[in-house]
Each structure stands twice: as structure tokens, then as C-alpha cells.
Amino acid sequence: MASDDAAGCRTMKYILTRAMGVLLLAGFVSAQNAGDKPFVIMAPVGNVKVRAGATKDVPMDFRIGSEFHINSHTPKSPLLIPTALKLNPPPQVTVADVKYPAGEDQSFPFSPDEKLNVYSGDFSIDALLKVPANTPAGAYPVKGELRFQACDRSACYPPHSLPVQFQVTVLK
Amino acid sequence: MKRNALVFIALVVAILAMLASGKYLDRARRHGPLKLVGDVQGVAAPDFTLTSLDGRKVKLSDFRGKAVLLNFWATWCPPCKVEMPWFEDLQRQYGNAGLVVLGVAMDDTEPAKIAKYANELGVNYPVLLGTNQVSDDYGDVQYLPTTFYIGRDGTIVDKMTGLLDRKDVEEAVKKALSSSARPVDVRQKEARVDRKSSASKRDQTAPPSPDAMSTVVLAHP
């Protein structure tokens with residue numbers, strides 16, 4: 001009987017611990033989303049593995065909220081704010097190139113005669129990373145931001161920045 | 001077992017409190033203490049002193065007795081560009097009747113660039129350089145264009161967010177020109193707004209609901 005009670009307690013403790021974890025996660029996610037619809041979200045990049053002395057193409061996938069569009073990297077007017085990825089790698093990693101997709105020429109109800117070059121839906125930006133041959137093996141965090149300016153069908157929002165972060169693991 | 005159940009209930013209560021405070025803190029972070037929210041009609045327009053593109057100090061209360069069309073815009077906002085020729089026409093048409101159009105540029109760029117853009121569009125009304133303070137005072141103006149129509153007595157008669165029809169704009173101008181209501185204290189009005197559940201039909205600035213997409217990193221409006 002006593003061992004049955006002890007086993008029951010252990011089971012209850014296990015359930016409580018798991019439930020607490022789930023609720024804490026739910027609380028965190030909700031606080032992050034409270035009341036807002038994000039303009040742009042980013043898929044996880046994962047751990048980027050690259051040998052010392054080699055280069056690595058790192059695709060970064062983004063999704064724009066269904067009712068928004070953002071200017072492409074090359075908007076048609078210098079007054080429009082281009083989408084730009086800025087990476088700040090550690091000294092052991094260099095960003096050799098950043099490749100942006102071509103935007104799509106679209107007209108909107110607020111200006112049917114004028115075409116804007118925009119991204120909407122999903123898009124991907126490729127960063128070409130270079131790791132010098134003398135780089136010691138190890139993990140190197142790369143941080144940065146995607147700067148963009150979003151509009152919907154009748155209005156525009158101020159420029160925003162989306163944090164970008166991933167890890168580069170250098171192998172020997 | 002009883003103790004475990006109590007711990008569980010306490011945890012649930014704590015997490016619910018966390019959810020509620022998360023929402024509150026997020027709102028506070030984004031908006032700070034809002035002064036103009038919901039239905040702002042009849043609220044005294046917050047006074048400001050801003051610098052115009054030609055370097056003059058312009059004070060809203062100096063226009064008491066006139067109807068003011070106060071338009072928040074930016075050079076990076078294509079819908080804003082559509083309205084500006086309308087405002088130029090309305091300034092010409094109703095200027096003698098007492099309309100004053102004021103543009104507030106919310107750009108984070110050099111005034112020379114804003115001036116060049118305004119000149120190219122033939123803007124015939126003063127353009128003022130916006131500040132965070134004036135944005136906050138007018139309810140955290142994030143959604144451009146946003147236009148406040150202020151009556152001769154200094155109270156807001158209408159607010160429009162996003163690009164609407166020209167006839168809506170002209171109607172609001174006429175309303176501002178014909179307005180003669182006495183100013184209402186902002187705090188009184190806020191208390192009234194709190195009791196009302198619905199915001200102005202034309203006010204589309206309410207934050208949208210969370211997206212269903214799987215979110216890893218968010219950039220919020």
C-alpha cells in the first residue's frame with residue numbers, strides 16, 4: 001500500500017512538472033505575441049557548420065504577414081526604405097556577400113498607376129560566410145538585424161528591425 | 001497529494017498572472033501612457049510647438065479660431081503622397097473660410113530631403129518636423145497617414161487613419177469649419193472613452209491580433 005502511494009506521488013510530481021513546463025512556455029509565447037500581428041517572422045537558421053578555410057552559403061527564410069508588404073532591397077524611389085540585412089559576425093567569421101531576391105512590381109489600391117518593388121509572402125536572403133583557415137574550431141555566434149518598412153493596403157508603418165541570430169560551428 | 005494539488009493551483013494562478021502582466025507590459029512598452037485613444041472626437045487637441053521646414057516655430061494654439069487639418073505623414077509612405085494634393089486643393093478652396101492645413105513629417109531624415117519632396121509635390125501649406133513627443137501626445141501615431149481634424153475651438157472633430165476617399169476628407173474639413181463646440185477636458189473624455197467599448201469607426205489603429213504563422217523571431221507593428 002505504502003509503495004503504491006509513493007508511486008502515485010512520483011507520477012503526480014512528474015505530471016505537475018510537465019504541466020508547469022508547458023504552462024510556462026505558453027505564458028512566454030503569449031507575452032511575446034500580446035495583441036500584435038508580426039510584420040515579418042524568420043525561420044530558425046540552425047547550426048551552420050563550416051570547415052576552417054571554407055565558405056558557406058547561409059539561406060535565411062522570412063515570412064511577411066499576409067496583409068503586409070515590405071519594400072524590396074531595391075525599391076524604385078530613393079525615399080523608400082529598402083529591406084536590408086546587416087550581420088555583425090565575430091572577427092573569426094566574415095560576411096563575403098549578401099544576396100537578396102528580386103522584388104515584385106506591384107500596384108496597390110492607394111496608387112493604382114504606380115508600381116512599387118516589394119516583397120510579400122515568403123522570401124529568402126542568402127549570406128555568404130567566409131572562415132579563414134587559421135580560425136580555431138569552435139562555435140561562433142552571428143547576430144544582426146533585418147531592417148524593413150512595412151505597409152498594408154491603405155497605410156504604412158515606421159521602419160522596424162527584426163533581430164537575426166544563428167551560430168556558426170567551425171570544424172577543423 | 002493534497003499539497004501537490006495546492007502547488008499546482010498556485011502555479012496556474014502565477015502563470016495566469018504572468019500572462020496578464022505580459023499583455024499589460026507589452027502594451028505599456030509599445031505605447032506608454034496614451035493620451036488620445038479610442039473615440040477622440042470632442043477631445044481638446046494637445047497643443048504643441050514644432051519647427052517648420054523653413055525654421056519657424058509653429059504652435060497649434062496660435063490657430064485657435066481656425067479649423068486645422070493636422071496630417072501626420074512621411075516621405076516613405078506612398079499612401080500619404082496620394083492625399084497631399086487633396087490637402088493643397090482644400091487649402092486653396094477653404095483657406096479663406098478659415099482652414100489651415102498643417103503637415104507633420106514623421107521622417108527620421110534630413111529636413112532638406114523632406115523639403116525637396118514637399119516642393120516636388122507642390123505642397124502649399126506648412127510642413128512641420130514631427131517629434132516623438134507630438135506622436136505620443138496624439139496617441140502614438142504609428143499608422144500613416146493619420147489626420148486629425150480640429151475645430152475652431154481647438155477640439156478634435158474627426159480622426160482618420162489610412163488612406164480614405166477625398167470626399168471623406170472634404171466632409172471632415174467642412175465639419176471642422178462648422179464646429180463650434182466648447183473644448184472638453186482630455187481626462188473627462190478619456191473616462192468616457194473607457195466606458196465605451198467601440199472605437200471610432202474610422203480609427204483603424206487598434207493593434208491587430210497575433211498571426212497564426214509559426215513564430216521564431218517577431219517584429220511587431
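## Chain A at a glance

Chain A contains one helix and twelve strands. Here helices (H or I, at least four residues) and strands (E, at least two) are DSSP runs, numbered from the N terminus. Starting at that end, the order of elements is α-β-β-β-β-β-β-β-β-β-β-β-β.

This is a predicted model, in which local features need pLDDT of at least 70 and side-chain atom pairs count only at pLDDT 80 or more, while totals for chains, interfaces and linings use all residues. Residues are numbered from 1 along each chain as its sequence is written, and chains are lettered from A and ligands numbered from 1 in the order in which they are written.

## Burial and contacts

Of the 172 residues in chain A, 31% are buried. A residue is buried if 20 or more other C-beta atoms lie within 10 Å of its own, exposed if 12 or fewer, and partly exposed in between, with C-beta atoms placed from the backbone.

Next come the contacts, meaning pairs of residues whose C-beta atoms, placed from the backbone, lie within 7 Å. Among those in chain A that join residues at least 6 apart in sequence, 72% link residues at least 24 apart.

## A four-stranded sheet

Let's follow one sheet in chain A. Its four strands form an open sheet in the order β7-β8-β4-β11, with antiparallel pairing. The edges are β7 and β11 (150-151) of chain A, each pairing on one side only. Two strands pair if DSSP finds at least two bridges between them.

Strand β7(A) (residues 104-108) is joined to β8(A) by four bridges, and F108(A) has S111(A) as its bridge partner. A hairpin takes the chain from β7(A) to β8(A) through two residues. Strand β8(A) covers residues 111-119 and is also joined to β4(A) (residues 69-71), by two bridges; here I70(A) is partnered with Y119(A).

## A helix from chain B

Now for helix α2(B), residues 78-94.

The buried residues of α2(B) include P78(B), C80(B), M84(B), F87(B) and L90(B). The helix's buried residues pack against β8 and β11 of chain A, and also against β3 (67-73), β4 (99-105) and α5 (166-178) of chain B.

How values were computed:
The expected span of a helix is 1.5 Å times one less than its number of residues. Two residues are in contact if their C-beta atoms, placed from the backbone, lie within 7 Å.
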